[in-house]
Every structure is written in structure tokens, then in C-alpha cells.
Amino acid sequence: MPCPRCSGAKVPPTMQLLLVEDDPTMQATLQRALARRGMDVTAVGDGRSALARWTDLAPDAVVLDLTLPSMDGLQVLEQARARGLRTPVLILTARGTVGDRVLGLNAGADDYLPKPFDLDELEARLRALVRRSHDAVQAKSGSSAIQVGAISYEKESGAIYLNGIIMELTPRELALMHALLAQPGHAVAKERLYGLVFPGQLDVQYEAIEVVVYRLRKKLAGTRLTLMTLRGLGYLLKADTA
């Protein structure tokens, strides 16, 4: 059989896959089987490790079990989406009721495959997810992102990047950044920020917005970006020019 590399034929890139499965036997079996099918598989067995590796690895797709130690799979998915991680996710779990599927899809999953499953179907679904994701990225490649200094904000996906690396933000910090970046160079009133960061949460004190601002300032330290307080006007995100 001729070698594609030797003949000059184009070799498709290896799919980078994050497998989140707490059962050691299932994890090892899937990792070997998918690797034999040309995928580069990184496997983790708990929710917190999954979120950390997801952020570091930036995989092409994630296979996510729901029943996990330390953090449930749905919580992992919700936090990943809140951080702006848009990787296609296929939920693979024994919890296969219609209600579980709806919960998973509402949390941001792209597909759902109940256990037991056929390996050929799993591979086909993963490759379809990655194709659709790549097509969507290419379709949006002509759209412009908002740039403030080293920060880039992609309005379509909601993702915020610092020097090309996605920022790790809490949902409230992300909401605050979205509001500040929606109109670059313009101050946003404290009252408006409060409504966007704490929507409908009437039990939260008005001064709580200052806590979110403080935490965000700490994350921006050393980035040559300043979150300014403009007395009587609100807050402004400014890139240092010096």
C-alpha cells in the first residue's frame, strides 16, 4: 500500500480529543480504540481535571461523561461554556433518559450518545462534530473581532482572548468584560453593569459590582490594560499607550 506522505498526498490532521471518563476500564478501552482510529486522545477521570486540561489543551472535541467525581459533567460543561470554550462536546453516559439529554443539550452539549454504544457510530459522530465546527470557524473568519490592546473579543462566540490565549473568567467577570468591550473607548455606567452582571438578583447588594471589578483588575495586572473608575460615569477598559 503506498505511503500518503511519500507520494505527496495531503494527510488529514490528527484529531485532538479530550476524553473525560471516570471508569478506568472504559477510559483505557476507549483511549486505545480511538487512538487506533487516528485520534490523539488525552484522558482524565474527574471534573476538575477535565476543566483544567480542556483549557490547556484546546482540543478539537470533548467526549464527556456526566457522572464524575469532584464535579458533575454538566457543571464542567456549564463552566467551560461560561469561560468561552466552544469546543464541540459529545456527552457519553449511561444516563440516557430524555430528561438527561435535554439537560445536557441545554448546558451546551453538541451531541449525545448513550451507553452502551457502537464505536463506529462514536467515531462518525465525533468527526461530524469537528467538521461542522471547522466549517463554522471558516464561515466566521471574515468577521472582525473587537480589539482593545492585547484583548480580543469575538462577539459571535462570546470568547475573550488575552495575547491569543482564552481568558479564564468567572461568569460574572465574563459578563462584565462583555459589557465593557461592547463599546470600546466608552465608559459604562455602574448601574448598567450591575444589571448585566447580576440580572434579576435583587438580593445582591449594589456594591457587589465593585468586588467583581476588583477581581477582574487583579487578572488584568501586568497586561498593560487598565480598568478605570470614572467618577460619575462608571468604568472604562483602556489599553496603556506608554
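Which backbone nitrogen does a side-chain oxygen of Asp-72 reach at the start of α4? The backbone nitrogen of Leu-74 is the one, and the oxygen comes to within 2.9 Å of it. This detail comes from a predicted model, so welcome to a short tour of what that model shows. The chain has 242 residues, and buried residues make up 40% of them. Its secondary structure consists of nine helices and eleven strands.

**The five-stranded sheet**

- Let us start with the open sheet of five strands, whose order is β2-β1-β3-β4-β5 and whose pairing is parallel.
- At its edges lie β2 (39-44) and β5 (111-114), and each of these pairs on one side only.
- Neighbouring strands here are turned against each other by 20° on average, direction ignored.
- Within this sheet, β1 (residues 15-20) pairs with β3 (residues 61-64) in the parallel sense over four bridges.
- To find this pairing in the structure, look for Leu-17, which has Ala-61 in β3 as its bridge partner.

**The four-stranded sheet**

- A second open sheet has four strands in the order β6-β7-β8-β9, and here the pairing is antiparallel.
- Its edge strands, each pairing on one side only, are β6 (146-148) and β9 (165-166).
- Three bridges link β6 to β7 (residues 151-153) in the antiparallel sense.
- Gln-147 makes a handy landmark, as it stands opposite Ser-152 in β7.

**Helix α4**

- Helix α4 (residues 73-82) is largely enclosed by the rest of the structure, because seven of its ten residues are buried.
- Those buried residues are Gly-73, Leu-74, Val-76, Leu-77, Ala-80, Arg-81 and Ala-82.
- After α4 comes Gly-84, with a positive phi near 90°.

- The axes of α8 (residues 190-197) and α9 (residues 208-220) come within 10 Å and cross at roughly 85°, which makes α8 roughly perpendicular to α9.
- On the α8 side, the contact is made by Lys-190, Leu-193, Tyr-194 and Val-197, while α9 brings Ile-209, Glu-210 and Val-212.
- Sorted by class, this contact has five nonpolar residues, two charged residues and no polar ones.
- Glu-173 sits in helix α7 (residues 171-182) and counts as buried, with a relative accessibility of 3%.
- Beyond its neighbours within four places in sequence, Glu-173 is in contact with Glu-168, Val-212, Arg-215, Leu-216 and Lys-219.

- The peptide bond from Lys-115 to Pro-116 is cis, and its omega is near -5°.
- Pro-116 belongs to the loop between β5 and α6 (119-140).
- Ala-58 is not a glycine, yet its phi is positive at about 50°.
- You can find Ala-58 in the loop between α3 (47-57) and β3, where it is exposed with a relative accessible area of 55%.
- Ser-70, also not a glycine, has a positive phi of about 75°.
- The loop between β3 and α4 holds Ser-70, which counts as partly exposed at 46% relative accessibility.

Conventions: Residues are numbered from 1 along each chain as its sequence is written. This is a predicted model: local features need pLDDT of at least 70, side-chain atom pairs count only at pLDDT 80 or more; totals for chains, interfaces and linings use all residues. Side-chain values use heavy atoms; hydrogens and water are left out. Two strands pair if DSSP finds at least two bridges between them. Helices (H or I, at least four residues) and strands (E, at least two) are DSSP runs, numbered from the N terminus. Buried means under 20% relative accessible area, exposed over 50%, partly exposed in between (1.4 Å probe, protein chains only). A polar contact is a pair of N or O atoms within 3.5 Å; within protein, one must be able to donate a hydrogen and the other to accept it, and residues adjacent in sequence count only if both atoms are side-chain atoms. Axes are lines fitted to C-alpha atoms, for helices over the stretch in contact, and angles run from 0 to 180 degrees between N-to-C directions. Angles under 35 degrees count as roughly parallel, over 145 as roughly antiparallel, 65 to 115 as roughly perpendicular and the rest as oblique. Contact means heavy atoms within 4.5 Å. Ala, Val, Leu, Ile, Met, Phe, Trp, Tyr, Cys and Pro count as nonpolar, Asp, Glu, Lys and Arg as charged, and the others, Gly among them, as polar.
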